[in-house]
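Here are my notes on the model you sent over. Have it open while you read, and go through the points in order.

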Amino acid sequence: MSDHGQADLVTEAFEAQRERLRAVAFRMLGSHADAEDVVQEAWLRLSRQDAAAIHNLGGWLTTVVGRISLDVLRSRQRRPEASYGDRLPGIVVLDEEAEPEEEAVLADSVGLALLVVLQSLKPGERLAFVLHDLFAVPFDEIGRILGKSADAAKMLASRARGKVRATEREPVSGREQRQVVRAFRAAVRDGDFEELLRVLDPEVKLTVDTPGGEVVVLGATEIAGRARLFSGAAAREREVLVGGLPGFMSWRADGTPLSILYFTVTGDRITAITALTDATRLAAMNLSP
């Protein structure tokens with residue numbers, strides 16, 4: 001077979017794997033842009049290889065995408081601002097008259113909510129969980145990507161699975177979650193410290209995403225004591241869904257966005273809050289009050 005014919009076969013084989021590779025990278029990174037970059041880098045690496053010597057192209061590409069994604073996750077840990085991109089899952093500004101369950105866009109909310117949970121995992125845990133539980137990659141292959149044994153990879157996946165399940169231990173409906181978030185908003189507005197402590201889990205985590213990186217606050221008492229951060233100079237607020245999670249967005253009187261907050265609700269308490277306050281990034285979302 002000519003070199004040109006061989007190249008065509010390699011291209012065809014890669015294109016057959018592209019969607020799967022993109023799905024792996026997206027669930028690893030939570031960013032469509034980053035996932036596309038990883039898949040493109042995998043293609044470049046493949047183009048420099050003797051494809052005829054690769055006996056399992058799908059496995060080889062999955063390994064490459066896994067390793068590149070792991071490098072990206074580790075880089076994010078060192079430089080939080082590098083993870084901005086389009087990492088935030090889809091934002092839906094809710095119709096004030098309609099119940100969100102009527103929004104067709106919520107069909108993928110479970111998968112999007114999982115992305116939010118995955119962001120809390122350590123890089124090795126996330127890779128092991130995504131590759132094994134979502135894409136059925138054997139632990140020995142995962143171990144090779146991580147530079148660990150298959151048993152160590154299995155342990156990482158188990159640890160990640162436990163963290164994911166912990167967020168689902170008391171499933172509640174979207175309506176119930178929004179009621180908890182509304183109670184939080186009312187308590188902030190009224191300055192009701194006791195009510196804030198009631199709706200916040202004692203070990204709640206607040207992550208404020210800023211241009212300089214992430215600021216993390218732990219504990220209900222600490223967060224309730226900083227409740228003024230959630231009110232600020234907002235002239236108007238609207239309920240939103242961020243990756244299927246309930247939240248609200250605030251605008252200033254001049255119509256410029258002030259912040260987006262979204263919440264993880266377990267049972268009748270808030271276990272995690274993420275606040276986005278970067279003016280440049282908010283403006284780029286083109287969301288109007």
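Which residue in β5 does leucine 241 stand opposite? It is proline 246.

A word on the basis: this is a predicted model, where local features need pLDDT of at least 70, side-chain atom pairs count only at pLDDT 80 or more, and totals for chains, interfaces and linings use all residues. Numbering starts from 1 along each chain as its sequence is written, and side-chain values use heavy atoms, leaving out hydrogens and water.

1. Start with the strands around β5 (residues 245-251). Helices (H or I, at least four residues) and strands (E, at least two) are DSSP runs, numbered from the N terminus. Strand β4 (residues 236-242) pairs with β5 in the antiparallel sense over 7 bridges; pairing takes at least two DSSP bridges between two strands. On the other pairing, β5 and β6 (residues 257-266) also run antiparallel, joined by 5 bridges, and glycine 247 has tyrosine 262 in β6 as its bridge partner.

2. β5 is mostly covered, with 7 of its 7 residues buried (under 20% relative accessible area with a 1.4 Å probe, protein chains only; exposed is over 50%, partly exposed in between). Leu245, Gly247, Met249 and Trp251 point one way, while Pro246, Phe248 and Ser250 point the other.

3. Now the helices. The axes of α6 (residues 139-146) and α7 (residues 150-166), lines fitted to C-alpha atoms over the stretch in contact, come within 7 Å and cross at roughly 95°. The two are therefore roughly perpendicular, a label for angles of 65 to 115 degrees on a scale that runs from 0 to 180 degrees between N-to-C directions. Residues in contact (heavy atoms within 4.5 Å) include Ile142 and Leu146 in α6 and Leu156 and Ala157 in α7.

4. Ile142 and Leu146 turn up again in the largest nonpolar core, which has 40 residues. A core here is a set of buried Ala, Val, Leu, Ile, Met, Phe, Trp, Tyr and Cys residues joined through side-chain atoms within 4.5 Å. Along with Met28, Val65, Leu127 and Leu131, they touch the most other members. The largest share, 8 residues, comes from α1.

5. Valine 65 touches Leu21, Val24, Ala25, Val38 and Ala42, leaving aside residues up to four places away in sequence.

6. Check alanine 136, in the loop between α5 and α6. Its phi is near 55°, positive in a residue other than glycine. At 61% relative accessibility, alanine 136 counts as exposed.

Key: Parallel < 35°, antiparallel > 145°, perpendicular 65-115°, else oblique.
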